[in-house]
Amino acid sequence: MSGEKTFYITTPIYYVNDVPHIGHAYTTLACDALARFKRLDGFDVRFLTGTDEHGQKVEKSAQAAGVAPQAFTDKVSQNFRDLVGVMNYTNDDFIRTTEDRHKAGVQHLWTKLVEAGEIYLGGYQGWYSVRDEAFYGEDELTTTPGGKKIAPTGAECEWVEEPSYFFRLSAWQDRLLAFYEANPDFIMPPGKRNEVIAFVKSGLKDLSVSRTTFKWGVPVPGDDAHIMYVWLDALANYITALGYPEMEEGGLYKRYWPALHMVGKDILRFHAVYWPAFLMAAGLEPPRRVFAHGWWTIEGQKMSKSLGNVIAPETLVNTYGLDQTRYFLLREVPFGNDGDFSHKQMVARINSNLANDYGNLVQRVLSMIGKNCGGAVPTPGAFIEADDKLLGAAYGLLDAVRVEMDVQAFHRALEIIWNVVGDANRYVDEQAPWALKKTDPARMATVLYVLAETIRHLAILTQPFMPAASAAILAQLALGEDRRGFGTLGAGGALVAGTPLPSPQGVFPRYVEPTEG
RNA sequence: GGCAGCGUAGCUCAGCGGUAGAGCAGGGGAAUCAUAAUCCCUUGGUCGGGGGUUCAAAUCCCUCCGCUGCUACCA
């Protein structure tokens with residue numbers, strides 16, 4: 001709540017023609033974990049997601065469905081709004097490119113670009129595929145015996161000539177390269193950064209930014225024959241959602257821009273090349289960072305409609321549990337790499353990391369406290385070296401985890417937290433509080449206090465990843481909502497001896513294969 | 001084709017000039033507070049092939065083999 005430190009994070013706006021799958025869920029999940037982390041860490045956070053609703057495909061789909069485009073998008077964009085509830089996302093806003101606030105903002109941006117001399121009217125001609133909504137170079141096409149031109153995707157192309165507005169992207173090549181040079185962390189991970197730089201170095205052509213062949217888009221100001229190129233339209237959502245062109249002091253734009261954009265690797269170029277160029281050309285600040293993450297395969301196979309192996313987020317959540325799913329997606333694969341989803345790995349993570357390591361640690365400790373300490377936080381005596389060592393590891397977690405979160409290394413953050421889970425389990429075995437119960441009850445109380453305090457740290461730090469399960473653990477430590485922020489980590493927010501605790505309940509059940517047949 | 005990256009234990013990967021590592025899986029043992037969970041020990045690799053530089057190479061160089069990504073206007 002400081003109001004000083006702000007953090008703005010965005011997902012791509014999802015194309016409404018798609019049905020939400022694990023990939024969409026993953027992108028937004030990463031943003032959600034980061035947004036939650038930053039909020040707990042005292043930042044004033046703005047977390048945006050939304051839907052991209054223009055374009056020829058939408059127009060055609062609406063036509064096929066026999067409804068107006070707006071009615072069509074109203075319906076299908078709901079799929080993405082529903083995902084928010086399914087995955088327990090905490091976005092502060094949900095923008096749709098068909099909203100007036102967006103259209104007005106983009107048109108203003110366009111006008112600015114025209115005034116700056118960055119957009120000019122020219123003509124575009126080439127081989128165009130309606131199905132792909134894309135132009136292809138002559139050398140990419142194959143010619144059928146019948147003389148038809150076929151794109152690499154198999155779609156038929158036709159020769160199209162149309163007037164088009166162009167953005168002077170070619171003029172931005174050197175300034176973009178200078179920007180990447182001055183901001184080495186702008187594109188992450190580093191491998192992707194190199195690809196973008198190589199692309200820009202290879203030479204940039206001016207970009208066609210308007211279309212006249214269909215109508216479902218934002219009209220070009222002053223020339224109704226044209227609508228804007230979908231990417232100029234779509235990318236601008238990141239600032240129109242902040243109220244652009246309103247840029248007054250204390251407003252959303254002033255407060256939150258620039259953003260961290262989380263994107264799939266397929267749309268990296270639009271975000272790392274076109275978007276900063278558009279912004280700089282309009283006299284605006286480029287984004288803070290663009291992070292390109294990888295793709296999921298399913299049981300080793302590429303996800304595709306034809307294979308029928310596309311997984312809906314609801315399916316995962318219903319099968320394995322929400323927090324389990326969130327944990328798996330962020331832990332299993334180094335963020336930025338491609339990963340494979342397999343049932344076997346998912347079950348291994350749930351049973352090993354969650355049920356056995358973390359869940360059982362909590363259960364064994366709280367259960368001993370419940371039975372042997374009168375169901376209240378035990379009263380510690382003097383700490384010995386082993387106590388200080390474990391507590392030190394717990395107290396040191398935030399700094400170590402923060403370093404990883406700041407570079408979006410979610411898997412590393414979780415690994416670091418789990419190192420302390422392991423420390424705590426070893427400590428339990430070494431201290432053997434069940435033996436102390438008979439020989440030295442005061443020492444037992446100290447050991448259990450140290451463990452409870454360690455669990456407090458673990459649960460506070462796992463909140464961004466597994467909000468519901470972490471909340472359940474914190475509730476079992478009788479910590480109210482106001483005692484769960486990162487500001488309470490360390491000795492200052494320590495558990496108070498004598499505080500009554502509710503009776504413990506398991507938080508992470510083992511996954512047992514359904515028995516059938 | 002060009003550019004970039006990768007190939008290390010059964011599996012997923014870390015190490016990137018100084019006597020081969022982690023997690024999981026496999027084997028043995030301890031303990032019994034706990035969701036039969038935990039803890040300890042342990043089997044296992046000529047670090048893709050070949051050549052070179054160096055006192056010393058997964059680690060640097062060359063080459064070959066295999067795999068992946070990028071090579072502009074589909075989100």
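In this predicted model, the contact between helices α2 and α3 is made by V58, S61, A62 and A65 on the α2 side, which meet P69, F72 and T73 of α3. The residues of this contact divide into five nonpolar and two polar, with no charged residue among them. Helix α2 (residues 56-65) and helix α3 (residues 69-87) pack with their axes 9 Å apart and at an angle of about 95 degrees; since angles of 65 to 115 degrees count as roughly perpendicular, α2 and α3 are therefore roughly perpendicular to each other.

Helix α3 also lies across strands β1, β2 and β3, which belong to an open sheet of six strands, paired in parallel and ordered β3-β2-β1-β14-β15-β9. The edges are held by β3 (93-96) and β9 (187-188), each with a single partner strand, so one side of each is left without a neighbour in the sheet. Helix α1 packs on the sheet as well, touching β1 (6-15), β2 (44-52), β14 and β15. Within the sheet, the parallel strands β14 (residues 260-264) and β15 (residues 289-293) are joined by five bridges, and V263 stands opposite A292 in β15.

| Helix | Strand | Angle |
|---|---|---|
| α1 | β1 | about 165 degrees |
| α3 | β3 | about 150 degrees |

Notes:
Residues numbered from 1 in each chain as written. Chains lettered and ligands numbered in written order. Predicted model: local features only at pLDDT ≥ 70, side-chain atom pairs only at ≥ 80, totals over all residues. Heavy atoms only, no water. Axes fitted to C-alpha atoms, helices over the stretch in contact; angles between N-to-C directions. Helix = DSSP H or I, 4+ residues; strand = E, 2+ residues; numbered from the N terminus. Parallel < 35°, antiparallel > 145°, perpendicular 65-115°, else oblique. Contact = heavy atoms within 4.5 Å. Nonpolar A, V, L, I, M, F, W, Y, C, P; charged D, E, K, R; others polar. Pairing = 2+ DSSP bridges.
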